[in-house]
Amino acid sequence: MPESPGGGDAGAPPQTTGAENPQSEQTAADKGEADPPVLSKNAQKKLAKQQRFEARKAEKKAAAKEQKRRDVERKRKEWEESLASVPEEERAKLLESRRSLRKERMEIRSQEKESKRERLSIAREQGQNVVVDLQFSHLMNPNEIHSLVQQIMYCYAVNGRCASPAHLWLTGCQGEMESALKRIPGFDKWIIEKENGSYIEALRDRKEDLVYLTADSETVLQELDLKKVYVIGGLVDRNRWKGITLKKAQEQGIQTAKLPIGTFMKMSSSQVLTVNQVVEIILKFLETRDWKTSFFAVIPQRKRCQSDSEGNAEDTIEKEHEQNDDLTATSARFGGLPGQANLSLFVT
């Protein structure tokens, strides 16, 4: 899955200067927003590189879609030709066999859906609570909000397939973010917690259990605690808002921690993980209780230094192929491939 280059979980709010127009400052204050700082030359180069990557990915996606269309058309013609080439009695048998196969598939899907609902219901009562903080939507443009929504869709799909899923929360669902989420087919039936208010409001009686995951924390997370509620900042920041999640947690007086990625692997130049990768790491750890296994199973090979990648290249390639298949499946069910909602790389 694509990542945006850069490091840190988000940037700090921009500094104002005396040279700025007081009227402009008042207008920004009235809106409750601040303009992001101007990107450095290095950041601009990284952004340009990311844009080229996204353009190539879009081309590959379009080509894959066209190939799939041709394959479907070819199979349809082959089926029609096979029916036309056999006697009436044999044709009836083929049609009946196909109807039976479709019915069997529908029954299997129905059983899988029921099993998924049961697992997610159990997780609501007994599972690890994971919150995606959506209160940063005012810092993102419409494309970035769309990217974050796509990642949330993928997170829900992956979590639903886990034997022991987590219990997901979406807090701060307001404005354009709320509207975008409601446009997802079937969103109203998701077995998650959806809160318009903040996690502080939704979990006011469990404030001491809240742990905000941020790369800027000095505390390294060694173990997941079922009694804790882990908060992930949902911000497609493009490296603009450095330190914003740590500052928010400190102002709220809640605990912070970072994943121990640096203990087990060295990262390449890109220092950003997508939202679903963070959630997948947590889910993998819940399954294996092993951080190293979780990191190498989820973090793409291209995100690691060569020395870390060599010994796990085969596993990583297989994982990336699985992720591509999952993205395609999610696209078919919800419409469109997940975009590039990016969070910090929680490294030590």
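Mentor: Helices are DSSP runs of H or I with at least four residues, strands are runs of E with at least two, and both are numbered from the N terminus. The model is predicted, with local features needing pLDDT of at least 70 and side-chain atom pairs counted only at pLDDT 80 or more, while totals for chains, interfaces and linings use all residues. Residues are numbered from 1 along each chain as its sequence is written, and side-chain values use heavy atoms, leaving out hydrogens and water.

The patch is formed by Lys 49, Arg 52, Arg 56, Lys 57, Lys 60, Lys 61 and Lys 65. Its members have over 30% relative accessible area and no salt bridge, like charges being joined within 9 Å; Lys and Arg count as positive, placed at NZ and CZ. One of these residues, Lys 60, belongs to helix 2, residues 41-84. Lys 60 has a relative accessible area of 63%, so it is exposed (over 50%; buried is under 20%, partly exposed in between, with a 1.4 Å probe and protein chains only).

Helix 2 also holds Arg 74 and Asp 71, three residues apart, about one turn of the helix. These two form a salt bridge, with 3.8 Å between the closest N and O atoms (a side-chain nitrogen of Lys or Arg within 4 Å of a carboxyl oxygen of Asp or Glu). Both partners are partly exposed, Arg 74 at 40% and Asp 71 at 26%.

Elsewhere, Lys 182 and Glu 178 pair at 3.2 Å, N to O; they are four residues apart in helix 5 (residues 175-182), so about one helical turn separates them. Lys 182 is exposed at 58%, whereas Glu 178 is partly exposed at 22%. In helix 9 (residues 275-288), Glu 287 and Lys 284 are three residues apart, and their salt bridge has its closest N and O atoms 3.7 Å apart. Glu 287 is exposed at 59%; Lys 284 is partly exposed at 25%. The structure holds 16 salt bridges.

Of the 348 residues in the chain, 44% count as buried.

Terms used. Patch = residues over 30% accessible without salt bridge, like charges linked within 9 Å, V, L, I, M, F, W, Y side chains within 5 Å. Areas by Shrake-Rupley, 256 points an atom, 1.4 Å probe, with all protein chains shown as cover.
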